[in-house]
Amino acid sequence: MLKDGCAREAVEKYGDMLYRICLLMLKNTADAEDAVQDTFIKFVTKAPDFADSEHEKAWLITVAANKCRDMLRYRTSHLTESEELLYGYAVSKEDSGILEALMELPEKYRIILALFYIEEYKVDEISEIVGIGASAVKMRLSRGRKLLEEKYRKEYM
Amino acid sequence: MDKKLKKAGGKITMPNDMKERIIKACETAEKNRLTHVDSDDGYTEVVSGTERITSRKRIIRTVGAIAACAVLMAGIGTTGVLLHKQSNKMAGSEIVGETNNPFGDFSTFEYSFDAGDGKYGKYSAETYARLSEFLNKFNWGEPAEKPEGRDIDADVEEPMYDIKWTRGNTPPIECDLHIANDGYVSYQESMMSFETGGQMPLTENSKWYKVDFDAFDRGIKEIIGQEKDITRAERDREKENTVKLGEICVTENWEYLIKTVKLTKDGKGMDVLPEGHYSCDENGNLTCDSSYIIADMEVTNKSFEDRSLYMNSTRIDLYNYNAEELDFKTSMEATAYTFNGERSIYAGDFFKTDFKAGETKTFRVGYVIDDEYLDKNYDIIRIEINHSGMSDSNKNIRYYKLGENTNLRAIAHYQAEAPTEEIESAELFYGDHEKLTSTNEESMAKLDAFLKNDFIKMLEPTLSDDIVGGRKYYVEYYFKSDGNKKRRETYYIYMDGFVERRMYVADENGEWQSTGDESYQIDMTKLESVLKDDIGVELPEFAEININKVD
């Protein structure tokens with residue numbers, strides 16, 4: 001767990017994870033940076049006392065996910081960057097396309113799939129973080145996976 | 001795919017310069033926390049002398065804001081903070097409309113209507129016209145009390161609607177209308193702050209309404225339901241790539257024909273039993289514990305060259321639709337586990353099979369299927385063929401529609417009557433449209449036989465696509481099959497012997513749809529000699545048009 005006010009340590013420890021989640025949700029680097037920045041600012045200024053580092057991590061994800069949702073809701077143009085945005089991250093042949101396919105799914109599936117497959121959270125943990133029931137998480141996981149597979153197979157294979 | 005996602009996702013890392021910017025912003029925020037004061041009207045202002053936190057987006061927005069506000073700032077000569085406090089009294093900020101709805105006539109301004117359906121308000125002008133009419137007539141009622149415990153930004157569960165528009169331009173006021181599923185409607189205005197570049201809510205103009213959500217929801221769904229959505233467009237696209245049982249499916253000069261569809265419960269007839277779908281008894285005998293749909297698929301290399309088929313994937317889709325939307329709850333897919341284990345080589349993600357020019361091979365494809373899906377009726381049952389996924393895989397996907405509103409067991413007795421295809425007509429043309437014939441009946445018959453039997457044999461495949469000289473002749477073939485499927489092939493013959501073969505099939509409406517093209521070479525001296533001397537065709541003197549010549 002981090003000490004109060006240690007922004008650098010927090011960004012070093014959780015920055016990549018939060019940026020990953022925000023980028024996958026917002027599909028725009030500038031927006032993702034805003035969301036991550038706001039999350040860390042909230043962390044250094046308003047964070048509650050955490051029981052342990054898992055609680056701390058989950059809190060950060062929850063705040064970042066809520067921030068992304070707010071931004072998506074109030075975004076007027078829903079501008080997203082081109083697929084090239086991701087090319088630098090998945091350069092090997094076998095990886096190409098999977099993130100692009102994930103990005104094209106509706107937001108409610110993106111966050112669940114990212115938390116489950118990339119961050120390796122369990123269903124009940126995702127349920128806590130995202131604030132929906134475990135059965136809804138399972139449902140979104142199942143449908144999201146199906147949609148992802150469909151999209152990936154059709155457009156990127 | 002799970003591992004692939006994990007691996008690819010793990011590669012996303014925050015750039016170092018971004019990290020530094022965020023760390024700096026956090027440190028600034030930490031410092032500012034001690035110097036913030038709350039003003040009387042509830043706005044938080046930053047005491048001069050402390051640093052301001054600026055987001056990347058806000059930097060961009062502020063540039064726009066400065067331009068928008070510059071004139072106004074000069075005119076009234078005050079600060080941005082004062083500006084937003086006075087905004088509700090500015091001329092031009094009132095919307096005057098003839099309707100009684102409290103937000104103004106929706107048909108007179110541009111707005112975005114987000115129905116939470118993932119389309120972010122990207123509807124047609126017709127749909128927006130209907131929405132405007134509905135929103136204008138809808139009974140919004142009188143402003144209501146703010147519901148207890150609710151915040152204007154409350155995260156309300158779906159379904160929820162969001163309408164946004166901009167009012168005035170000096171400065172622009174952003175209007176946001178939220179319709180929550182409990183019937184509460186929040187109306188909020190905000191304006192860009194010159195000081196911070198962020199959107200500042202004009203809380204004094206916020207209003208709440210309580211409406212009949214069911215009536216609203218029904219009305220909106222009805223309007224949006226008429227919009228031709230992506231799913232429907234996708235289905236239309238699929239229609240073009242779909243053939244029925246008994247028809248020949250053509251893609252890139254490969255022809256597919258499903259000869260039989262059968263059901264097997266003991267794995268009999270399967271070349272390979274996939275791992276996890278069989279068991280082994282005490283005597284070492286394999287027992288298949290899954291049902292299979294077996295399809296015998298005949299594939300023909302219709303080109304004149306030897307080549308390999310890269311079969312990407314094939315599966316059975318059992319789909320149900322709710323109106324135009326795919327119903328994932330009741331639909332399912334059965335993926336093929338074998339693609340002729342005997343003849344095909346699994347190469348990376350593809351099954352590679354070598355074909356000679358014109359060769360036909362039959363593949364036995366087994367789709368593992370749970371018994372519970374065998375007797376259920378589905379709106380559409382089809383086999384997807386994802387052929388040659390090397391590039392542009394979407395273009396090559398074809399669907400065999402096995403049936404509509406039926407079940408697999410009913411289909412699984414299909415035995416194709418092998419359709420035969422014959423040349424309906426073959427004609428030779430000179431230049432653009434001049435049909436070439438012979439002088440007598442005997443020659444006519446000879447020409448017909450030559451075009452139907454021998455002309456194609458004179459062609460040699462070429463990789464060149466350089467055309468030297470103009471087009472001299474073309475030969476046009478019309479084919480007809482048992483299933484009334486019509487096909488056309490045109491061979492354009494150029495002066496230097498280059499031949500361009502273009503292939504088409506007729507769609508449901510009789511329109512010719514291109515299925516591909518190929519390049520060949522022909523010995524022109526030999527061709528013209530056969531036509532003129534052996535058959536007796538009168539060949540015109542060829543005069544190429546010189547486009548540079550000025551009379």
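## Two helices in chain B

Helix 5 of chain B and helix 6 of chain B are roughly antiparallel to each other, in what is a predicted model. Helix 5 spans residues 125-137 of chain B and helix 6 spans residues 213-225 of chain B. Their axes lie 10 Å apart, and the packing angle is about 160°. That angle counts as roughly antiparallel because it falls in the class over 145 degrees. If you follow helix 5 of chain B past helix 6 of chain B, you will see a right-handed crossing.

Which residues make the contact? From helix 5 of chain B come B:Thr127, B:Arg130, B:Leu131, B:Phe134 and B:Leu135. Helix 6 of chain B brings B:Ala215, B:Phe216, B:Gly219, B:Ile220 and B:Ile223.

## Aromatic pairs

Over all chains, a search of the whole structure turns up 35 aromatic pairs. Here are two to look up in chain B.

One of them is the edge-to-face pair of B:Phe109 and B:Tyr111, at 6.1 Å centre to centre with 65° between the planes. Both B:Phe109 and B:Tyr111 are buried.

Another joins B:Trp254 and B:Phe355: the ring centres are 4.9 Å apart and the planes meet at 75°, so this pair is edge-to-face. It links distant parts of the chain, with B:Trp254 in strand 11 (residues 254-264) of chain B and B:Phe355 in strand 20 (residues 350-355) of chain B, 101 residues apart. Are these residues buried or exposed? B:Trp254 counts as buried, at 2% relative accessibility, and B:Phe355 is buried with a relative accessible area of 3%.

Terms used
Residues are numbered from 1 along each chain as its sequence is written. Chains are lettered from A and ligands numbered from 1 in the order in which they are written. This is a predicted model: local features need pLDDT of at least 70, side-chain atom pairs count only at pLDDT 80 or more; totals for chains, interfaces and linings use all residues. Side-chain values use heavy atoms; hydrogens and water are left out. Axes are lines fitted to C-alpha atoms, for helices over the stretch in contact, and angles run from 0 to 180 degrees between N-to-C directions. Helices (H or I, at least four residues) and strands (E, at least two) are DSSP runs, numbered from the N terminus. Angles under 35 degrees count as roughly parallel, over 145 as roughly antiparallel, 65 to 115 as roughly perpendicular and the rest as oblique. A crossing is left-handed if the near helix is turned anticlockwise from the far one by less than a right angle, and right-handed if clockwise. Contact means heavy atoms within 4.5 Å. Rings of Phe, Tyr and Trp (its six-membered ring) pair if their centres lie within 6.5 Å; planes under 30 degrees apart count as stacked, over 60 as edge-to-face and the rest as tilted. Buried means under 20% relative accessible area, exposed over 50%, partly exposed in between (1.4 Å probe, protein chains only).
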